[in-house]
Amino acid sequence: DLAASEKRWSLVRGETGCGKSLLYTTASRMLDSRTLVLVGTKALQVQLTNDFGEIGMASIRGHTDYPCADRNASRYDPLCKWPSERCAWRRDVEIARASSLVVSNFAAWLTLGKYGDPTTLGKFDLLICDEGDTAEGWLSKWCEITLYRAELRTLLGVDVPLEEIVSNDVTKWAEWAAVTAQMARDK
C-alpha cells in the first residue's frame, strides 16, 4: 500500500521494533527511487546502516564526526581539498552519491544544506523521516536566531535590561522588546 500510494505524503506509525524501517526500505526498492532516510539520532543511523548495509545503504554523518586527514588540523576543515582516498568524509560522500539508499541524521543534513552545497549528495526521489516526530524540532533549531547582549549593543546601541529578566517582570520585558524591535526595523 505504501509503494502504491499516489499521495504526496504518507505516515506510518508503529511501536519500536514493529518493522517500520523494513517497510519503508522495501517500498523504496519497489518504487526504484533514490531514497534519503533522515533520522534523529546517530545511534539509529548506525543501526540502519548495520541492518541495510548489505543491500547498499550508505551513511553520511556531519563533517565533525570524521577525523581530519590533515594530522596538523585541530578539527575537520570544510574547505579542505584532500582527495577522497585521504579524507573519510569525502569518501563517504562519494559512496552516498553512488547509492540509491542513503541514511543521514537531521543535524548533518541540515548543516550541509545551510553551510555547504545542498547538491553534494545528489538528487533524491523519496524522503523518509524516521523519528519524524523530531523533525519539527530539528527544523525549528535551524530557523532560530540568537542575539547576544554584545551584538545588541553593537547593532542597535541598546543593552538587555537585566533587572527585568531577574525580576521576571514580563510587562517591562515586553515593552523593551517592542521598542527594540522597532529600532531594528528602522535601521
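Me: Where is Thr120 found?
Reply: Thr120 is in the loop between helix H4 (106–115) and strand E4 (126–129). Helices (H or I, at least four residues) and strands (E, at least two) are DSSP runs, numbered from the N terminus. The model is predicted, so local features need pLDDT of at least 70 and side-chain atom pairs count only at pLDDT 80 or more, while totals for chains, interfaces and linings use all residues. Residues are numbered from 1 along each chain as its sequence is written, and side-chain values use heavy atoms, with hydrogens and water left out.

Me: Is Thr120 buried or exposed?
Reply: Thr120 counts as buried because its relative accessibility is 16%. Buried means under 20% relative accessible area, exposed over 50%, and partly exposed in between (1.4 Å probe, protein chains only).

Me: Which residues does Thr120 touch?
Reply: Leaving out residues up to four places away in sequence, Thr120 touches Trp89, Val93, Arg97 and Leu112. Contact means heavy atoms within 4.5 Å.

Me: Turning to the rings, how many aromatic pairs are there?
Reply: Searching the whole structure gives 2 aromatic pairs. Phe106 and Trp138 are stacked, because their ring centres are 6.5 Å apart and their planes are at 15°. Rings of Phe, Tyr and Trp (its six-membered ring) pair if their centres lie within 6.5 Å; planes under 30 degrees apart count as stacked, over 60 as edge-to-face and the rest as tilted.

Me: Which parts of the chain does the pair of Phe106 and Trp138 link?
Reply: It links distant parts: Phe106 is in helix H4 and Trp138 in helix H5 (residues 135–143), 32 residues apart. Phe106 is buried, at 5% relative accessibility.

Me: What is the geometry of the pair formed by Trp109 and Phe124?
Reply: Trp109 and Phe124 are edge-to-face, with 6.0 Å from centre to centre and 75° between the planes. Trp109 belongs to helix H4 and Phe124 to the loop between H4 and E4, 15 residues apart. Trp109 is partly exposed at 23% relative accessible area, whereas Phe124 is buried at 16%.

Me: What lies over the face of Phe124?
Reply: Arg34 does, at 4.1 Å from the ring centre. A charge sits over a ring if NZ of Lys or CZ of Arg is within 6 Å of the ring centre and within 35 degrees of the ring normal. The charged end of Arg61 sits over the ring of Tyr66, 4.3 Å from its centre.

Me: One last topic: where is Leu155, and why is it called exposed?
Reply: Leu155 is in helix H6 (residues 149–156), and it is called exposed because its relative accessible area is 51%.
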